[in-house]
Amino acid sequence: MSKVTMILSEEEMIELQEILIDDDEKASLDFLKTRIQPKIPQKGTSLCDSSRKNPFLLK
């Protein structure tokens, strides 16, 4: 299983805290789609992803 480490800005952390306090399902899905999903690297784009440099793994 792959692991991803993300850094949240202060604004993102405050937004996440508000979502958790309010228990807002719609806001939590929006947060995942707009703040978290774009930070997840696609295959072969991460600097430490060996498939980005190994042409045999890109097939």
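Helices (H or I, at least four residues) and strands (E, at least two) are taken as DSSP runs and numbered from the N terminus. The structure is a predicted model, in which local features need pLDDT of at least 70 and side-chain atom pairs count only at pLDDT 80 or more, whereas totals for chains, interfaces and linings use all residues. Residues are numbered from 1 along each chain as its sequence is written, and side-chain values use heavy atoms, with hydrogens and water left out.

The protein chain contains three helices and zero strands, and along the sequence its pattern reads α-α-α. Helix H1 spans residues 10-22, helix H2 residues 25-36, and helix H3 residues 50-53. H1 has 13 residues, and the distance from its first C-alpha to its last is 18 Å, close to the 18 Å expected at 1.5 Å a residue; the expected span of a helix is defined as 1.5 Å times one less than its number of residues. Accessible areas come from the Shrake-Rupley method with a 1.4 Å probe, and for residues only the protein chains shown count as cover. Residues are classed as buried (under 20% relative accessible area), exposed (over 50%) or partly exposed (in between), with a 1.4 Å probe and protein chains only. Of the 59 residues of the protein chain, 12% count as buried.

A salt bridge is assigned where a side-chain nitrogen of Lys or Arg lies within 4 Å of a carboxyl oxygen of Asp or Glu. By this rule the count is five salt bridges. One of them joins Glu-12 to Arg-35, with the closest N and O atoms 3.6 Å apart. This pair links distant parts of the chain, since Glu-12 belongs to helix H1 and Arg-35 to helix H2, 23 residues apart. Glu-12 is buried, at a relative accessible area of 7%, while Arg-35 is partly exposed at 21%. Glu-12 also forms a salt bridge with Lys-39, where the closest N and O atoms are 2.8 Å apart. Lys-39 lies in the loop between H2 and H3 and Glu-12 in helix H1, so this pair ties together parts that are 27 residues apart in sequence. Lys-39 is partly exposed, with 31% relative accessibility.

A further salt bridge is formed by Lys-26 and Asp-30, the closest N and O atoms being 2.9 Å apart. The two residues are four apart in helix H2, so about one helical turn separates Lys-26 from Asp-30. An α-helix has 3.6 residues a turn, so residues three or four places apart point the same way. Lys-26 is exposed, with a relative accessible area of 60%, and Asp-30 is partly exposed at 33% relative accessibility. Elsewhere, salt bridges that share partners join Glu-11, Glu-12, Glu-15, Arg-35 and Lys-39 into one network.

Glu-18, Asp-22, Asp-23, Asp-24 and Glu-25 gather in a patch of negative charge on the surface. Patches are made of residues with over 30% relative accessible area and no salt bridge, like charges being joined within 9 Å and nonpolar side chains (Val, Leu, Ile, Met, Phe, Trp, Tyr) within 5 Å. Lys and Arg count as positive and Asp and Glu as negative, while His and the chain ends are not counted. The place of a charge is taken as NZ of Lys, CZ of Arg, CG of Asp or CD of Glu.

Most residues other than glycine have a negative phi, and most peptide bonds are trans. Asp-23 is exposed, with 65% relative accessibility.

The C-alpha atoms of Val-4 and Lys-39 are separated by 9.1 Å, the two residues being 35 apart along the chain. Lys-3 lies in the segment before H1 as well and is exposed, with a relative accessible area of 81%. Between Lys-3 and Ile-40, 37 residues apart along the chain, the C-alpha separation is 9.8 Å.
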